[in-house]
Every structure is written in C-alpha cells, then in structure tokens.
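Have a look at the structure first, then read on.

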Amino acid sequence: MAIATINPATGETLKTYEPLTDDAVDERIGRAVEAFRAYRLTSPQERAGWLRAAADVLDADADAVAELMVTEMGKTLASAKAEVGKCAKGLRYYAEHGPAMLEPRPADAGAVGAEDAYVVHQPIGVVLAVMPWNFPLWQAMRFAAPALMAGNVGLLKHASNVPQTALYIEELFRKAGFPADVFQTLLVGSSAVERVLRDDRVAAATLTGSAPAGQSVASIAGDVLKKTVLELGGSDPYIVMPSADLDRAAEVAVTARCQNNGQSCIAAKRFFVHRDVAEEFTRLFAEKLSALVVGDPMAEDTQVGPLATESGREDVEKYVADAVGKGATVVTGGERVDGPGWFYRPTLLTGVTPEMDLYAEEVFGPVAALWTVDSLEEAVEIANSHPYGLGSNLWSEDEQERSTFIRDVQAGMAFVNGMVTSYPELPFGGVKQSGYGRELTELGMYEFTNAKTVWIGPRSSQQAEGTTASASE
Ligand SMILES: O=CCCCC(=O)O
C-alpha cells in the first residue's frame, strides 16, 4: 500500500509520501539510540512534566488533529474529538501515576539474607511500535505514554494510510519539549518492519493489527529473541439474557458494533440472544441500527462514516454475500451506499451457521451477526469456539449468570451490563489469537521494562567492624 492520505469519504488522494530509504531508517535508529543514552537518566518527574505538556499541546491542537484523522481514515468528527480527549487523558494518567509505578518495590531482605533487596523497573531502550489506522492517535499514544514514562524511546511505524497523523505524533512530542529523537515516526511500508526489528539496536516491539501481521512480527522477534506485545483481532461476543434491560442493551449494542464505523478490535461482533427475548431484541436492535445517520464524517451529526479503505469495504461485502448465499437473513442494511466514498449501511444478519466465513473470522465494518441461544452456557460455548479472545460483553441481572460468564468466557476482558471500552486505569489485551501482553495501567508500562532484582549484602567494612568490635569485647 502506498504511503498516502486518501479521503475515504470521497476516494480522493490528497497527499503521497516517498518511504524512507534503508539508510535513512538506519540513521534514525542511530539517533534513537543516542537519545536513549541521555533520556534513560532523566527522572520520572521530568518525564511526567513532558507528558503533561504533551497533553496540553493535544488540547490546543484538538480540532485540527480531529479533522486530520477524519480526513485520513473516515471516523466521524465526534469520535475523532473524543479520541483526542482520551489521548490527553492517557498522557495525564501516566504523568500522574507513572513516577509511583517506577518506585523501587521492596522485597523481604531478611528472607534472602540481604541487607536490602528490591525490584527496580528500568527502561530497555528503543522500542518499535507498529500501529494501525483505526484509532490513529490513541493506539500510538497507548504505547507512547507508558513507554516514554518508563524511560524508553519510541520508533513508530504507523499504517500507510495515516501518514499525516503519524507525523503529527512525532511533532507533538517535540512541541511538548521531550528531548530530541525520543519519539520518531518512520514513514515506511510494512516490508521495512523486519529490517528494523532485526536491528540489534532495537530492543523490543509492540504491534496492534491483524493476526497475520502479529504472526509475522512474533516469528521475527522470536528468531532474534526480542520481547513483543501483540494486540490483534477480536470478534467480541455480546450476550443478552432475559433479565437484561432490553432497550438499554440494544442501544449499547448499536454503539458497541458501529463505533468507529464498525472498525474496532473490541467492537461487539457476535450477538448471542436468549430465545425468550430474541424477537424483541432483534426488533429493537434493527430499529436502532437503521436509524443511524450515515454520511459525511466531517458533519457534526453523522454517526457512521465510510470504511477506511476500498478493500476494507470489499471484504465486508464478501462476508455478507457469503453468509447470505449460505442462508443468513439480512434484517437491515446489507448493502453499500451509492455514490462516492466507501460507505456501507449498518447491517444485522441472523441465521449465521458455522459454514459461513464470518462465523470464525473478524468482520471489520458495521455488520452484526445474531445467534438465538437457549442458555448462557450455549452462548459461551459458541463464543469460545472462535480463535479470538479479546473482549466480551454480558447483559444480565442474574448473579449466577454473571459469575459463570466471568469464569468461563475465554477473553482478556469481560464487561457486564456495558460495552468493552479501554481506560488507562484498566489493563487491555487478549488471549488466544487476540495476542498476548497487556497495555495500559502499570502492567502496560512494565511490559517494556527490565524488572531488575537487586540484592545487597552487608558492606565488608561493616562486617570487618563487627569482627573488630566483638574481638575487642
Ligand atoms: O482495534 C482496536 C481498538 C482499540 C480501541 C480502544 O482502545 O478503545
């Protein structure tokens, strides 16, 4: 894919970029290494100050950055503004809590025959972040805030369709006063990732993206024994039981499925509804989906914009055609919007069966697949049969159902009477083919630190003094 800004609402190419040459990439890695030498010695308090300044810069740039994201990947203006606000919040979260997270953690010195023993989290160096276009600011910030707080330096290989947002992120940290080259954007295609990852000067990598991209990065990193964190696909279940507030569950289901124009790893994609309430829930869900305002993402009242790429819309169309061809029913939607841009109507499908491609894959667009089930256990069993295990949602007032769901669902995150959402205050990540490692909270920060064990015995001089003292007694 060329490195270019192509407006998904019109299909128009607005700006193209030449990828960096290998030499230019090497030179930037060298600058990152130089930056790390001094940056690792800065205090957590200094880094917190720069993170706070970055949040202030973001607040000041909010409208322009939001419009840039809308232009590059088609999210609605309202969601783009919310994303900028969330990034500022994430930066402030690590500014506020980061220094305490980095305090040495005392161990029981007496138990290990030491005078002092503790664990200290130290930065590991240059970390490569391979990031996707769907939340072009937040995904990068979710990596950058804890990584920079910990004293690492970052190299960002962003998705090729959001180059201006990627360049803005580098500029943001510069404007905030971080030392030069602590965070750099590499405008390169995905074929350049292997070279960077194999470079001895790069310590580790994090990737948010597709499962095949994760496999590729994990196998290269495995070959050179480097730490990785992977946040991959999701096909989150959304289970609705008879005790649920159906109207609220349907309202939230619409947001859970159509957020970001349906293009989120944690979007609810598979809806499991108990037979006793399936008809009513389906009616409410379809009614609310078809009432969504689809259109120009730059308009304040638009709720669903275009898909980010032409090929992304083609993929969605293929999944729906395959399901319908194999017997699924389109309750609402099921077609593109005529005219320019890559729009697709919010869609509800029922009658999904295991032969359909969307059964075990991830549909990255506003298409909900609904199953009618006879019990929570059946819903969880089908949910768990999917290779992904990122987030999961349950709507129920029943205590027993809630604890069974939390105990049995194979997912990194379980939300009850709400939708999966990321917060700096909660760990984020998945199991199975949704990846490994955690982002956010202190867990996210520790992923790219050396948790160094320190054991300190008594000083020889003290031992000697002790000997002299007892000898003279
Ligand atoms: O594709 C992954 C989306 C993560 C969105 C979020 O953190 O809110």
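## The ligand and its surroundings

In this predicted model, helix α4 (residues 138-150) gives the largest share of the shell around the ligand, namely three residues.

**Where it sits**
- You'll find the ligand in the second largest pocket.
- Domain 1 (4-232 + 434-455) and domain 2 (236-416) both give residues to the shell, so the ligand lies between them.

**Who's around it**
- The ligand is surrounded by Lys86, Asn134, Phe135, Trp138, Gln139, Arg142, Glu231, Ser264, Cys265, Ile266, Ser422 and Phe428.
- Sorted by class, that shell has five nonpolar, four polar and three charged residues.

**Polar contacts and cover**
- Ser422 puts a polar side-chain atom 2.6 Å from an oxygen atom of the ligand.
- For Asn134, a polar side-chain atom lies 2.8 Å from an oxygen atom of the ligand.
- As for cover, the ligand on its own has 270 Å² of accessible area, and the protein covers 95% of that.

Notes: Residues numbered from 1 in each chain as written. Predicted model: local features only at pLDDT ≥ 70, side-chain atom pairs only at ≥ 80, totals over all residues. Heavy atoms only, no water. Near = heavy atom within 4 Å. Polar contact = N/O pair within 3.5 Å; in protein donor to acceptor, adjacent residues only side chain to side chain. Areas by Shrake-Rupley, 256 points an atom, 1.4 Å probe, with all protein chains shown as cover. 1 Å grid on protein atoms, 1.4 Å probe; cavity = no way out; pocket = protein on both sides within 12 Å on 5 of 7 lines; lining within 4 Å. Sits in = over half its atoms within 2 Å of the grid points. Helix = DSSP H or I, 4+ residues; strand = E, 2+ residues; numbered from the N terminus. Nonpolar A, V, L, I, M, F, W, Y, C, P; charged D, E, K, R; others polar. Domains from an automatic or database assignment.
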